Amino acid sequence: LHSDMDRGDGSIKYILSGEGAGIVFTIDDTTGDIHAIQRLDREERAQYTLRAQALDRRTGRPMEPESEFIIKIQDINDNEPKFLDGPYVATVPEMSPVGTSVIQVTATDADDPTYGNSARVVYSILQGQPYFSVDSKTGVIRTALMNMDREAKEYYEVIIQAKDMGGQLGGLAGTTTVNITLSDVNDNPPRFPQKHYQMSVLESAPISSTVGRVFAKDLDEGINAEMKYTIVDGDGADAFDINTDPNFQVGIITVKKPLSFESKKSYTLKVEGANPHLEMRFLNLGPFQDTTTVHISVEDVDEPPVFEPGFYFVEVPEDVAIGTTIQIISAKDPDVTNNSIRYSIDRSSDPGRFFYVDITTGALMTARPLDREEFSWHNITVLAMEMNNPSQVGSVSVTIKVLDVNDNAPEFPRFYEAFVCENAKAGQLIQTVSAVDQDDPHNGQHFYYSLTPEAANNPNFTVRDNQVLVLLILSMRRHRKQPYIIDDEENIHENIVRYDDEGGGEEDTEAFDIAAMWNPREAQAGAAPKMRQDMLPEIESLSRYVPQTCAVNSTVHSYVLAKLYEADMDLWAPPFDSLQTYMFEGDGSVAGSLSSLQSATSDSEQSFDFLTDWGPRFRKLAELYGASEGPAPLW
């Protein structure tokens, strides 16, 4: 700085103020020369605004007004280009055409772009050829090689350089890394590494159970490697199904319907694996599906017997005789061995033991009398067991409907007692009565009412039957109801009991209720009648009912069931008071009769000493057969 008033004698003093005064810049107060006392950086501050003034050194008075001036920093190439966003990550589809844009990189130079070439940047590729190229001006990276295959090489590291001074010698340079990944496209068709699979499955395998897995390998990934498996041919298309596991892209073969080793021992499937997502430009690389053959062997297992049909519905009248066959239950062993079957009834389903099933034929018979009014339906379970393997048991439900039979007489639900005035007029309604019947005919109940024979000749009353109710009508005026009282002297004490066997001791006194003969009304109004306690010496022989010459197994079953029921109902007879006589074995028996009554052996060859151990009731019989030689023992 220099003032026009400065004569060079040192009388003028220069001072400096403003931006950077005394810090970045200083002034010689005698000469006015301004010096930089720090390194200047244009990229940090491009210019400074300062103020200067000339003062009289002696008086300090301004010699001139204060002046302002600007110091601008001139740029030099002292900054290299920098990639502020690096390193870069990019993705490009495999098999992309040459010149496909991948990514654009940008380098920044802090130098002044308006001054020289310090900020003029040129891009070049240092690493990544021949796969990629970069545009020297824009920094756009493009593919440079055709048919780049992800399955061959997936990852690439590319190094890009940016150099200022237009790339000339002496320019400063900076670099960055670009990591490029080839993304997958569906350019690889699936292929089965195995053209034949061998599998096996138990015939007892449940529906939807897994048989095995097949796998078609696809070099692609993600959605391009998704697979859909289907059964396109083979004799097992109806017996098996196949589904795709979305996690591992394998085909899972499952059971579609029940299998039977006895019906079919092996199956063949033709399975196809195909890509569901295709790209049109790669169809020429196909076909994008493949097939394989699967052989499935069915293994035999010991299965329980199977009933045919799987459910039985039987209707039977309630008056059916004990031992009548009402249904043939049929089951068979589905295995090749075809083991023999034994039938039985699940007693938890028939606690009353109303039914019996023949162990070998499966004939379902009645074992007790049926009463529709007590149980109109029976639901029982019949079991079939393999004779050689008792653990194999099949079952079937049998529903039995008991049909109604008119086996119940109408009853008056209560005792009727009517009162009538002695001056009642003839034809006057006295009482209506109605009856009930436990039976249930199809067309409903129809009752017909009349007076009992002993009351039909009574001229005082009559009954009008309207088939629903009964009207008791007074037909004469004078009638006096006499009380029904039996005089004690008129009681009948005689009790005539006929016995066909030895006496039963004290139990004979309970054979009949004598009170019932004293007053019948009291006997009816009392508690339930006692069951007979007299004992039958013998259940009647089978020979009375069944001729030995034409006996068959079903007749034997019927007879035994009837006698079993008769013995079960006789609650008061001990077992030793019942002599069961069986006189034939049935048709076809090589043993013949087991009865001693028809034995050809003489009495002298047999010993009947055991009769003496049977008590006084058999003493006479023991004497007849000579079981006792001495005097009869005292009992």
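Does Glu19 count as buried, exposed or partly exposed, and at what relative accessibility? At 32% relative accessibility, Glu19 counts as partly exposed; here buried means under 20% relative accessible area, exposed means over 50%, and partly exposed lies in between, with a 1.4 Å probe and protein chains only.

Before we go on, a word on the model. It is predicted, so local features need pLDDT of at least 70 and side-chain atom pairs count only at pLDDT 80 or more, while totals for chains, interfaces and linings use all residues. Residues are numbered from 1 along each chain as its sequence is written, and side-chain values use heavy atoms, leaving out hydrogens and water.

Let's stay with Glu19 and meet its partner. Arg45 forms a salt bridge with Glu19, and their closest N and O atoms are 2.9 Å apart. A salt bridge here is a side-chain nitrogen of Lys or Arg within 4 Å of a carboxyl oxygen of Asp or Glu. Arg45 sits in the loop between strand 3 (34–36) and strand 4 (47–56), and Glu19 in the loop between strand 1 (12–18) and strand 2 (25–27), so the pair ties together parts that are 26 residues apart in sequence. Strands (E, at least two residues) are DSSP runs, numbered from the N terminus.

The structure holds 16 salt bridges. In another one, the side chains of Glu221 and Arg150 meet at 3.6 Å, N to O. This pair links distant parts of the chain, 71 residues apart: Glu221 is in the loop between strand 14 (210–214) and strand 15 (228–234), and Arg150 is in the loop between strand 10 and strand 11 (155–163). Glu221 is partly exposed at 39% relative accessibility, whereas Arg150 is buried at 8%. Both belong to a network of salt bridges that also links Glu151, Glu154 and Asp184.

Three strands form an open sheet in the order 7-10-9, with antiparallel pairing; two strands pair if DSSP finds at least two bridges between them. Strand 7 (101–104) and strand 9 (132–134) are the edge strands, each pairing on one side only. Strand 9 is joined to strand 10 (residues 140–143) by three bridges, and Ser133 stands opposite Arg142 in strand 10.

Finally, look further along the chain. Asp404 and Arg372 meet in a salt bridge through their side chains (2.9 Å, N to O). Asp404 is partly exposed, with a relative accessible area of 27%, while Arg372 is buried, at 16%.

Note on methods: Helix = DSSP H or I, 4+ residues; strand = E, 2+ residues; numbered from the N terminus.
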